[in-house]
Amino acid sequence: MAAVKGLFGSIDEFLKQCSQSGDSAYSALRSLLERLEDPDTRTEARIFLAHVQKKLDADGSTQHSLDTYHFQIQDIYLERNEGYQKRKKLTMMVIPSIFMPEDWSFTFYEGLNRHPDSIFKDKTVAELGCGNGWISIAIAEKWLPLKVYGLDINPRAVKISWINLYLNAFDENGEPVYDHEKKTLLDRVEFYESDLLSYCRDNHIELERIVGCIPQILNPNPDAMSKLITENASEEFLHSLSNYCALQGFVEDQFGLGLIARAVEEGIDVIKPMGIMIFNMGGRPGQGVCKRLFERRGLRVNKLWQTKILQASDTDISALVEIEKNNPHRFEFFMGLVGDQPICARTAWAFGKAGGRISHALSVYSCQLRHPNQVKKIFEFLKHGFHDISNSLDLSFEEESVADEKIPFLAYLAGVLKESFSFVYEPPTGNKRFRDLIAGFMKTYHHVPISADNVAIFPSRATAIENALRLFTPRLAIVDEHLTRHLPRQWLTSLEMKENKDNKTSTDGITVIEAPCQSDLMIELIKKLRPQVVVTGIAQFEAVTSSSFEHLLRVTREIGSRLFIDISDQFELSSLPSSIGVLKYLARTPLPPHVAIVCGLLRNQVYTDLEVAFVISEEQTIFDALSRSVELLQGNTALISQYYYGCLFNELLSFQLPGRRPPTEREAEDVKPSEMMIGFSNSAVSVLNNAELSVRETDTSSLIHMDVDQIFLPTPSPVKTAIFESFARQNVTESECDVTPSLKQFIKNTYNFSVEHSSEFIYADFPLALFNKLVLCCIEEGGSLCIPNGSNGNYVSAAKFLNANIVSIPTQPESGFKLTEKQLVNVLETVSKPWVYISGPTINPTGLLYSNEEMKSLLTVCAKYGARVIIDTSFSGVEFNSKGWDGWNLDASLAGLTGKPSFCVSLLGGLFSKMPTGGLAYGFLVLKQGFLADAFHSFSGLNKPHSTIRYTAKKLLDITDQNGDLTGAADGQGKLLATRLNRLKETLVSCGWEVVEARGGVSVVAKPSAYLGKSVKLKMDGYTWEAKLDDSNIREAMLKATGLCINGPSWTGIPGYCRFTLALEDGDFDRALDCIVKFKQLVK
């Protein structure tokens, strides 16, 4: 018999070594593989193998060689050819420690065969759990792929696979076997030890096809799966890798499918966008469970082949029995191959123990990513510390239109959360990208040449309409009956329509008359009633042409009515949007100055309650005032809503060639509006002209904002997780979004403030919106709003805008500008129906703290005078200099208070300070008095947080309640702010500012003592700005000189003191300190 030089003297010696044990056989085969890998000894090694096979056949020991010699060489027939030709076959070796080709893998290959021949041709393929490599070699033999990577976690399986590759790449004489492309199997197939796709991932191999036939039953002995996998491990352990899998941390573990789930997610990472994954799936968990594993990960599924196979006798299904004990799910087995009624795992286990044969369905699934680039982006995000979300992810959608909307948004959100260290500053006008996209959509699809500077974003259509009416405060407005549902009840019941003699705006209120939107009826009402403001849509049957709109334009212009036209019902987010007459007019003619367009975006495929709106105006003064109204009355528009609809607009614009269409030329109508046209209300004019509102950025400006109540600190991972999960899940129950129980506990833990069952919780996107509704309640009652000097300037400006009767309460530097009992008494003695606003425990803007005793004394005074108290906790929660401060006990402070019955306490707050939510806002209000709640609800139109935000807030509240902190993020945020306060204080003091020592919050106040009375001269673009510095211009001077935005004394309400916020992004904070130093040098 032949021998291999330097290895075995004869075949008998080789077989003798193999017969000693499985390890001895493996050692002999590994030595033989080394000769096969060496080109100099490859031929004789292959001939030697041929002789071994012939000897086993001649001795009749082929069938028993596995028991005798611990290896076996067998033929696998791949297909039948017509006529009397021989079967096409592969010659394959197996050893006891690896998976043996049997029904499981044969069925899988049959499923692969159902694909067209082109499925693998010239493709890069990976096979998971390749065993002895026969399927990888068969794929290469039949379909001529570019490369097949056979992967297995069992190192012995990889070695045997290489032997099998040489067995089939060379004939019995050691000559290479070429295909018609002049390649051998060695050119097409490689085998590697790999935990699923780790080899391909680590070597940056992109795959076009992934096939897998891997274990789908949990090991009855979980400890066994934790052993180190080496080729010297026991045969029993290595063989168990072919039958069992360990827990993988996926929800599918409960069905034994965790390893498949991990394989799919790893496959998404390395597969090319149009790639295909094909898996063998045992039907034991049920076909629905198997299919859902793929669908919820964004894959389209096609069942290629299904049959029944006998359950392998060497596989213990007791793990499935254990799962059924604790889970209502039942696995599916059958009695024999002919049984058609499923039985559960427990019954199957008992039947098998009694000698019966059990079977289960076996299916071959082919799946392909439905939105490949977006799904890959989603999973790229998940693998960077957000794996837990994978179990909540659900990308299965019955309707393609829903998938087309939801998956791109999740990909966009994943990108934002992955790449953004923190949320960036967003102006009240709206996210610049979102406004650009709206303008781009108008240009591309409706040929309306507007820019982002003509688009203002609002939380909703109702908000836009109410803000417009409050801006002008008309004595009479006619509003489309479909648009009045969210307007204040008082407006719809008032009959004060008489015109003032001087035609100035009445401060007594607004009267709204409802009208049908049919243009002829609306125009008749306008002519008869001569309203100052008209808000209307266009009836559907009149909306296609512009004639009705043009008629409304003429009539309102002649009478002197401002017109707000609503196109929400006609506006479509589609690549083939319907014609809208209003936009046809706008495509050829600029919008007249007395007209603005309102559009509410509600028509998405997924969230019927997710709304955002935009207003278009080409009159700069009106546009500025409308966008300022958002800043004053709502604070801002929820960023997530802008992201969502921005993604929809982007999908409709991303495939368009930029600049393909020349700009539309429009002809302006040379018609002047009526001199009787109403202007802004007196209170609006006063605030717009005098209040310190946010600084408008331009495309070329690079401002640093220390003047806004937003958090730009790092967004903790739990917050990112909760935000993404809120959108990734489907069928979220209402209880999972019910924040109230968690918030009650949060308030109790934080402020010792018990909330009874009868109390009412009201929510909004931002606390400012809730504050403004309380101001309206105060105005309705004829009350006086008492606000201490040194309160939030945004709140004061908003109250002034609403024309509240504001009484300022003086504060003194000796007390750190905190409200004292004496100062409060002095004011309350002089006013009737007082409403007292108190910011605490942390005061915005000073950052000082009210002690529990101080708060108790203030509440005692308020009770005596029957004041309605608004405690604003929105800026509390981060107390980093709190030595000697023991928090609040509001229950104890309120207990036993006596006074007038009108005394009550309302708690206003937000969830973006106590919990470091990285910019995510959520406002809440607790009303304990039923009559106050009734008054509050009469002012409808409040924008409530979307269900996804409520889900996020509840999740974060629950984490905080359980752990006391978002994995240490709150403590870290406090330390960061304390460090920043010290750095800011040192910089300010060194530059001549007097700093009030803050003890918490995100801001500090300081007086520019060294600068007051000094002159500054700045050379600007084309002009020189010169001023003598005082309270009125210090903010402007700082801005013009350095680009740093701060709040001046008119905002803080404290003469001479400016505010600086601390919660900036790291780089911006450093630059802000540089700006303070630069300003000192410029003034010198």
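Predicted model: local features only at pLDDT ≥ 70, side-chain atom pairs only at ≥ 80, totals over all residues.
A search of the whole structure identified eight cavities of 30 Å³ or more. Two or more lining residues are contributed by each of α24 (639–653), α28 (767–781) and α29. Of these elements, α24 provides the largest share, namely three residues. Classified by residue type, the lining of the largest cavity consists of 22 nonpolar, nine polar and seven charged residues.

The second largest cavity has a volume of about 130 Å³. It is lined by 14 residues, among which Glu466, Asn467, Leu633, Gln634 and Lys773 lie closest to the centre. At least two residues of this lining come from α18, and at least two from α28. The lining of the second largest cavity contains five nonpolar, six polar and three charged residues.

Helix α25 spans residues 682–690, and its residues Ser683, Ala684 and Val687 are buried. Viewed down the axis of α25, these buried residues fall within an arc of 100 degrees, so they line one face of the helix. An α-helix has 3.6 residues a turn, so residues three or four places apart point the same way. The face of α25 turned away from the buried side bears the exposed residues Asn682, Asn689 and Asn690. Packing against the buried residues of α25 involves α18 (461–472), α23 (620–633) and α29 (793–801).

In helix α33 (residues 930–937), the buried residues are Leu932, Ala933 and Phe936. Seen down the axis of α33, they too fall within an arc of 100 degrees and therefore line one face of the helix. The elements covering the buried residues of α33 include the helix α28 and the strands β19 (760–764), β22 (834–839), β24 (904–910) and β25 (923–927).

The structure contains 47 salt bridges. One of them joins the side chains of Lys55 and Asp12, with an N to O distance of 3.6 Å. Because Lys55 lies in helix α3 (residues 42–59) and Asp12 in helix α1 (residues 11–20), this pair ties together parts that are 43 residues apart in sequence. Lys55 counts as buried at 17% relative accessibility, whereas Asp12, at 45%, counts as partly exposed.

Lys54 forms a salt bridge with Glu172, and the closest N and O atoms are 3.8 Å apart. This pair links distant parts of the chain, 118 residues apart, with Lys54 in helix α3 and Glu172 in the loop between α7 (155–169) and α8 (185–188). Lys54 is partly exposed at 44% relative accessibility, and Glu172 is partly exposed at 43%.

A further salt bridge, with an N to O distance of 3.0 Å, connects the side chains of Asp269 and Lys383. Asp269 belongs to helix α11 (residues 258–270) and Lys383 to the loop between α15 (372–382) and α16 (400–419), so that parts of the chain 114 residues apart are linked. The relative accessible area is 29% for Asp269, which is partly exposed, and 45% for Lys383, which is also partly exposed. Finally, Lys121, Asp122, Asp179, Glu181 and Arg188 are joined in a network of salt bridges.

Terms used
Residues numbered from 1 in each chain as written. Heavy atoms only, no water. Buried < 20%, exposed > 50% of the residue type's maximum accessible area, 1.4 Å probe, protein only. Helix = DSSP H or I, 4+ residues; strand = E, 2+ residues; numbered from the N terminus. Arc of directions from axis to C-beta. Contact = heavy atoms within 4.5 Å. 1 Å grid on protein atoms, 1.4 Å probe; cavity = no way out; pocket = protein on both sides within 12 Å on 5 of 7 lines; lining within 4 Å. Points joined across faces, edges and corners; volume = space filled by probe spheres on them. Nonpolar A, V, L, I, M, F, W, Y, C, P; charged D, E, K, R; others polar. Salt bridge = Lys/Arg side-chain N within 4 Å of Asp/Glu carboxyl O.
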